[in-house]
Amino acid sequence: MKMKRLSIAIAMIGAGAIINAQAAETVNKVERVEVTGSNIKRASKVGATPVQVLGKQEIAKTGATTVAELVDNLASSNNGYAQAQAVGDSGKPGFSGANLRGLGTSKTLILVNGRRMANYAFDSAGVDLNSIPLGAVERVEIVKDGASAVYGTDAIGGVMNFILKKNFVGAEIGGGVEQTFDGGGEVKKANFSFGFGNLEEDNYNVFMALDVSKQEALAAKDRSYSKTSYIPDKEVNKTSGNTFPATILNGPGGKPVNVGYLTGCDQPRSLPVPNKNFATGGNCRFDYASIIDIVSPQERLSFYSKGTLKINDSTQVFADYLFTRNTGTYSSSPVPVSSATTFNGDDLLYPANGKYDPYKGTLGNLKLQWRGIDAGAREDEATSDQHRFIVGAEGEVAGWDYRTALVYALNKTEDKYTNGWVYESKLLPAMLSGVINPFGPQDAAGKAALDATKITGKVQSGETSNKSVDVQFSKEIYQLDAGKVGFAFGGDVRKESYTYTPEAILSSGDILGGGGNRQATNGERLVYAGFAEMVVPILKNLELQAALRYDHYDDMGGTTNPKISFRYQPIDELVLRGSISTGYHAPTLDDLNRPSSKTNTGGNYDDPERCATTKSPLDCNLQLNLVQGGSKTLTPELSTNYTFGFLVEPVKNFSLGVDYWNINIKDRIDTISDSTIMGNYAKYKDKVVRKARTAADIAAGLPGLIDYIDSKSLNLGELRTDGLDVSILAATPKTEYGTFRLGVEGTYTITNEYQREKDGAFFDSVGQYIDAGMNPRWRHNVTLSWNMAEWGASLTNNLTSSYIDQNQVTYVDPKTGAESQVNRTVEAYSTWGLQGTYRTKTLELTLGVKNLFDTDPPFTNQADHFQVGFDPKYTDPHGRSWYAKANYKF
């Protein structure tokens, strides 16, 4: 009896969930099931690999409105790509990615119903989480272990398998709303499901689900911690010298001048900042945080349908179709214009004695550094369509369980400019005509001239597809004294393709403010694989599992990856388990073929070779161009993974699980961040590309202006990371006051150290922000829930531990007055949620509050994102919000 009770408790721990006590008591039928992480069906859900399962009730308790939000709150996933990071990122607008163990979105394999989706078309390194409809998700199974031997080369960090509803009979309608207390970021949702035909009684089932949602924008100016990029008391100045009113670079005596500074600038959009190098004693610097969004508006539509036909007791055939459309509008600051941002370094000139010339022609043509405020924020609208169609069969033949399917998955993404982007070839002559006012508001003629320079319409599109066929067989093939030997084998063939098509304007380079000069590209590859897996009971309480997989890429060659694991239960109250495996991650088609794209750095920098001499705003405290892209010289990443852990139930209704994990990756594929390049300029000087030297540069012995920073993908050496996963489950017996349950899922990361180049020094990002991010030392999700009859309530806590900030700050010794640079600590981020539910057989009502105590994201001086004052990777800027949901079955 203890053995049975422990098995149930272990399954509950693996779920990271609190399972209803009454349901647990009814578990008396032994059923062979297949769980993510293995191809072999078995009586117990507990194998040698740690698997976390989030059921529908557990998902509901998080209050998440999207799959991306759900994944962001997982303790084992961190440093992923959130939609907030798409602000200013022209390379992959609209993308949200999962990142188990912080290894990168390309190393977490995303499955839906156990099969692959198409990767995001603008960044085929991963599946866009926005393409999975949360309303149709029945449960999520998360393998927190390397699974390359089972699923293929994407699974170095682990696997997330989203299981959608199936065999549904009846109808269900629901909806909800979420609203922040401080305004902005409102979410509205609605869903409808319909199914008919009982598979057991009618031998068929047809199920359809529709899910729609809309999220409003949240502006940076609407939150106190994000409203400005100028925070002098915290040594943050991310304002831009491309400003409004414009700076005249060739002012009196050769000094730059900003006449708007004398009248207080254009606050809050531009701020007066003293600068002794200006003839006016200071200049107006543009505060882009006053304009950008920190949460972008989104609209989502998803449709899922599945039909299943039971041919006989041993054969089922099915077909399913999944469609999702995600449309987001991404807004960044108005276009910056100067010789630093034009394609060939051409000056922005205003004509001598033009009607807005404050010097009436005495300085000749005015050389400007300007911000196109009246052109509006640069906005683009990205629409991503995901299609997946599957036809398959499963059942039993000759004593073997089998499953097979044909899969066609397609992602098509289109990006349109809707406002604020301008043609360089039109703006420069329009400014030189004198019609546009660079120092104040536009009149009708100036506004018309500025509007005539705008770019609107589609600028780029991409398409990725995955066409595959798979088959697998499994069976208990032999009876040993200790139990039955399970065996599975199979294979799959898939063809991946990738196409990127820029419109003529985007490939011409005739776009101010980044994004130009991209070229069309495409790639494809054929991958075929074969695998075998065996589970052998050595003793009644000892089970060994072995898996072997061979993958062959027509562009990278072949690789064989084994996995060996064990499960040992020395006493009824204790289970030990562990595994060791190898992995192989081929560069994605995007890694190999992604065209170069130009955006802007998140931070401002001084030119190490020019600023000290010129003091020019073109060289000092300047936001620079950043070029990203793929490389055909990339080589595969190789990995070794191992885990060891235990699950223990010392007393009834209390269980503890701890798993140690260790991952080593060689030849990791990544980029060198702009903050790293500029922070160690002597070492990475070759990554700073300069424009041709002018005659003045040659005379002064200076290099040319910085054109851009090269941040393309590279093989960067080795990564080593390890840590502990902790799961706790406790429950009280059922009483007249209901049942209380406690669930804890936590991840403690010991190290995450990596090399910036082969054979280089190791840098550890655990608990400290270096290069492009950090890995938290500790993250947890805690849920305390209560249930009594139709009523339920839950209290949740999500915590990310403190860490050392990206940039040091100045410390002044109170005794000597001496200054030194010291580390600063970003505070831990802890938010609480409260939820109440009323549930009958047909009706479910939910009312909840997220961020119950209205905790602001902790301040950070990070310079890698356009958001200022907080980090969008690790925090939620919404603040306290309430939500209400209703669901009715009929």
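Here are some friendly notes on this predicted model, point by point.

1. **Ground rules.** Local features need pLDDT of at least 70 and side-chain atom pairs count only at pLDDT 80 or more, while totals for chains, interfaces and linings use all residues. Residues are numbered from 1 along each chain as its sequence is written, and side-chain values use heavy atoms, with hydrogens and water left out.

2. Look for an open sheet of five strands in the order 1-4-5-2-3, with mixed pairing. Its edge strands, strand 1 (51-55) and strand 3 (115-116), each pair on one side only. Strands here are DSSP runs of E with at least two residues, numbered from the N terminus, and two of them pair if DSSP finds at least two bridges between them. Strand 1 and strand 4 are joined by five bridges in the antiparallel sense; Val53 stands opposite Glu141 in strand 4.

3. **Which aromatic rings meet?** The whole structure holds 22 aromatic pairs. Rings of Phe, Tyr and Trp (its six-membered ring) pair if their centres lie within 6.5 Å; planes under 30 degrees apart count as stacked, over 60 as edge-to-face and the rest as tilted. Trp400 and Phe487 are edge-to-face, at 6.4 Å centre to centre and 75° between the planes. This pair links distant parts of the chain, 87 residues apart: Trp400 is in strand 22 (residues 400-419) and Phe487 in strand 24 (residues 483-502).

4. **Why is the pair of Tyr642 and Tyr660 called tilted?** The ring centres of Tyr642 and Tyr660 are 6.2 Å apart and their planes lie at 50°, so the pair is tilted. Tyr642 is in strand 31 (residues 637-651) and Tyr660 in strand 32 (residues 654-666), so the pair ties together parts 18 residues apart in sequence.

5. **Buried or exposed?** Buried means under 20% relative accessible area, exposed over 50%, and partly exposed in between (1.4 Å probe, protein chains only). Tyr642 is partly exposed at 35%, and Tyr660 is partly exposed at 22%. Trp400 is partly exposed too, with 21%.

6. **Charges over rings.** A charge sits over a ring if NZ of Lys or CZ of Arg is within 6 Å of the ring centre and within 35 degrees of the ring normal. The charged end of Lys306 sits over the ring of Phe318, 4.9 Å from its centre. Arg378 lies over the face of Trp421, 5.4 Å from the ring centre.

Key
Helices (H or I, at least four residues) and strands (E, at least two) are DSSP runs, numbered from the N terminus.
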